[in-house]
Amino acid sequence: MANRGGPAQRPNPQTQGKICQFKLVLLGESAVGKSSLVLRFVKGQFHEYQESTIGAAFLTQTVCLEDTTVKFEIWDTAGQERYHSLAPMYYRGAQAAIIVYDITNMDSFGRAKVWVKELQRQASPNIVIALAGNKADLANSRAVECEEAQTYADENGLLFMETSAKTAKNVNEIFLAIAKKLPKNEQASGAGSTNQGRRLQELDGSPKAAGNCCK
Amino acid sequence: MAEGGGMVLEGFLCPVCKADLGTAVKLLSHFEKEHNEDKDVLQAFKDLFGKAKKKILKNEGLPSGDSDVSTKSRKVIGYSPSLYEPQCIGAIRSHTKLFASVRSQHLEHYTVETNKLLIRLDKILRDLPSDPLKRKAHEQEVVPWVDEKMVRLCPSCSRSFHLARRKHHCRLCGFVMCNDCSYSLNLDVARKMTSPITQAEASSDTHGSSVPTPKLKRSNSSSSLNSVLSLVEGVHQIDTGLRVCNDCLRLLESREALRESRTARPILLQFYERLRSYMQDANQLLPTYILMCNSLSCGEPTYQLKEAQTLWGKLLRLAEHIDSLSKKILVLGSADTENPPRGRALLLQQQIRAAATAFLRNEMLGLPTLPTEAKYLEMQEQRRQELKARIQQEQMEAMASMQAQKQKIRERGQEPSRITYTKDRDNVHQDTVLLDAGWTPDTARLFSTDDPMVQQMNNLKHYIKEAKLAHKVDEVEALERNLEELQEEYWRQQEQKRQESDS
């Protein structure tokens, strides 16, 4: 099989209990750094002149927790208003969403709140939502206070972190936090969507097989 | 070679009566006396001898005029060495086939013998009892022993047997010899001999990779000799080993030597392979490092300084390894004062070192150094200023071009109804492009790119193509699922629109 790039380690089937696949969508106003965040997470790169996204980009990345391998199918949507009509296609059936705002731009935080509302109304009820205050490296021109965002996140049951795609601050952390919060078995995942937290493989070594004599 | 009726005659034969006369002179005089009537034949015969002699004498550099004298004088002596000199080139026959057949017979014989011994050895070693009596029975069961009463003298030293020189049997061929003529084959050595080649190779390989020095001893050409010597030394503790005769041991040893020479890798080769692997690693890391370094020294935040520093550390370590290893290769064996590397071996070592230093000089020394933290920050600041200036300039240009566009449009009497111009600096560029696209006469193109749904479908088709090329099956699946959803949604919308327009 072809190499799936990225800094995360390949799962070792001997030690890994299961592999879960999750659909994750990035939402937020344009130019808040959604694509940069994903690019930093998936490829470890950062481009100052990131072109604005057309439609939606698709990337995958795998992270290893203690006993599970979580594979993210990441849909990085375009922030521009004219692509708004596409967004439901992507948050529908998604198990996780990251709503990104720019800490130097109060309007983007307002837009983020609108996204949260839209998700709460229309997305899967069990969706894990994370709020990311991006461009934390530009803290000296901050417009959104950290406490304010934290309070908002707590009220709405969101994960919250201030991130920076440029310095890689909290980028891997926010994805890992999402991976930890996601339910890892079929029973726990909610009703409705067909491909929620699909468990791809049941490995032979699992303790289920009571008939085996050795071990 | 003359073959007549299966019998081969050789010597000074008379061509008429086929009698062997012993010497050339006798043959000539015999022919003159007995077969005088055959003048022509005699003449031809004489000519033949004369011609040959002349040719040979000419080759010796004697003047041709003297030839008669010398032939006469030689005739008188009765011995013509010229007949025994190498003949001039005539017919050529290849004896390779004959040689090969003889050789292969010989080889086959040895191989069969050796294999027989190995099979016996294997049988003996397999569940060999530790109890001496049982062990003896087991050995005799595999190889029947020659009746010792039949043997009076030791077949190899031909000394008689008595109380002090007792008879012993070879465990492999069953023959009798004295203690001095027998060797003890160490059981471990024997086991190694019978083990399959691959196993022996594997063990020697792991040996070599972990500790290279013992390999040096093993790969030495005298290794088999060493083991023989150690066997001879171990004669007094014969019961731990297997008593074998000289012949059997020689067969086994020569096979071992052959096997070793096939699998042995000189230490130089191992060092060299390691060196090459270091160089390869370095070659793989170099482009990334150069890319990172260039990007960082321009103040770009694409890569992180820490990552580049760790990469630099890795490269430095590799360079050190390459340097020390090539030095080791250069001085390899020079400590051996009796037999230091000479000639081509020495040249090889020197050239490996030269290649390694050239590699270090060309690839590693010229590497750009990373900027320090402070310098990097400074560069970043500088770059930020530059970028700001550039963005401003671009904005100005965009504004200017927009003004120009508006001007044009106004001149044409048209007013653009839809310009989504935002203050957002990243989108300045994008918007101007859209503006241009929006007002080009190519309306078909405008249509195809304007609907975000269609745009995204095109995107997805492109992604699917790429994912298929990269053989990422599950990604293709996810993308195709999404494309289907989009298509459905798109048709639904189209349908809706049509209904709206109908009503």
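# Two chains and where they meet

In this predicted model, 38 residues of chain A are in contact with 37 residues of chain B, contact meaning heavy atoms within 4.5 Å. Together the two chains bury about 3,100 Å², and 45% of that is on carbon and sulfur atoms. Buried area here is the accessible area (1.4 Å probe) that two parts lose on being put together, summed over both.

A quick word on the ground rules: residues are numbered from 1 along each chain as its sequence is written, while chains are lettered from A and ligands numbered from 1 in the order in which they are written. Since this is a predicted model, local features need pLDDT of at least 70 and side-chain atom pairs count only at pLDDT 80 or more, while totals for chains, interfaces and linings use all residues; side-chain values use heavy atoms, with hydrogens and water left out.

**The interface**

- Tyr49(A), Arg82(A) and Met89(A) supply 20% of the area that chain A buries against chain B, more than any other three residues.
- Two salt bridges turn up across the interface of chain A and chain B; a salt bridge is a side-chain nitrogen of Lys or Arg within 4 Å of a carboxyl oxygen of Asp or Glu.
- One of them joins Lys71(A) and Asp474(B), at 2.9 Å from N to O.
- On the side of chain A that touches chain B, the elements giving two or more residues are strand 2 (56–64), strand 3 (68–77) and helix 2 (87–91) of chain A. Helices (H or I, at least four residues) and strands (E, at least two) are DSSP runs, numbered from the N terminus.
- Strand 2 of chain A gives the largest share of that side, four residues.
- By type, the residues on that side of chain A split into 15 nonpolar, 14 polar and nine charged. Ala, Val, Leu, Ile, Met, Phe, Trp, Tyr, Cys and Pro count as nonpolar, Asp, Glu, Lys and Arg as charged, and the others, Gly among them, as polar.

**A cross-chain pair**

- Arg383(B) and Glu48(A) meet in a salt bridge, 3.7 Å from N to O.
- Arg383(B) counts as buried at 17% relative accessibility, and Glu48(A) as partly exposed at 26%. Buried means under 20% relative accessible area, exposed over 50%, and partly exposed in between (1.4 Å probe, protein chains only).
- Glu48(A), Lys166(A) and Arg383(B) are linked in a network of salt bridges.

**Inside chain A**

- Chain A has five helices and seven strands, and 51% of its 215 residues count as buried.
- Asp102(A) forms a salt bridge with Lys135(A), with 3.2 Å between the closest N and O atoms. Asp102(A) is in strand 4 of chain A and Lys135(A) in the loop between strand 5 and helix 4 (146–156), so the pair ties together parts 33 residues apart in sequence.
- Asn134(A) is in strand 5 (residues 128–134) of chain A and is buried at 2% relative accessibility. Its side chain reaches the backbone nitrogen of Ala165(A) at 3.4 Å.
- Ala97(A), in strand 4 (residues 96–102) of chain A, is buried with a relative accessible area of 0%.

**Helix 12 of chain B**

- Helix 12 (residues 305–330) of chain B has 26 residues and should span 38 Å at 1.5 Å a residue; its end C-alpha atoms are 37 Å apart, which agrees. The expected span is 1.5 Å times one less than the number of residues.
- Among the buried residues of this helix are Leu305(B), Ala308(B), Leu311(B) and Leu315(B).

**Positive phi**

- Most residues other than glycine have a negative phi.
- Ala31(A) has a positive phi, near 65°, and Ser158(B) has one of about 50°.

Definitions and conventions
Polar contact = N/O pair within 3.5 Å; in protein donor to acceptor, adjacent residues only side chain to side chain.
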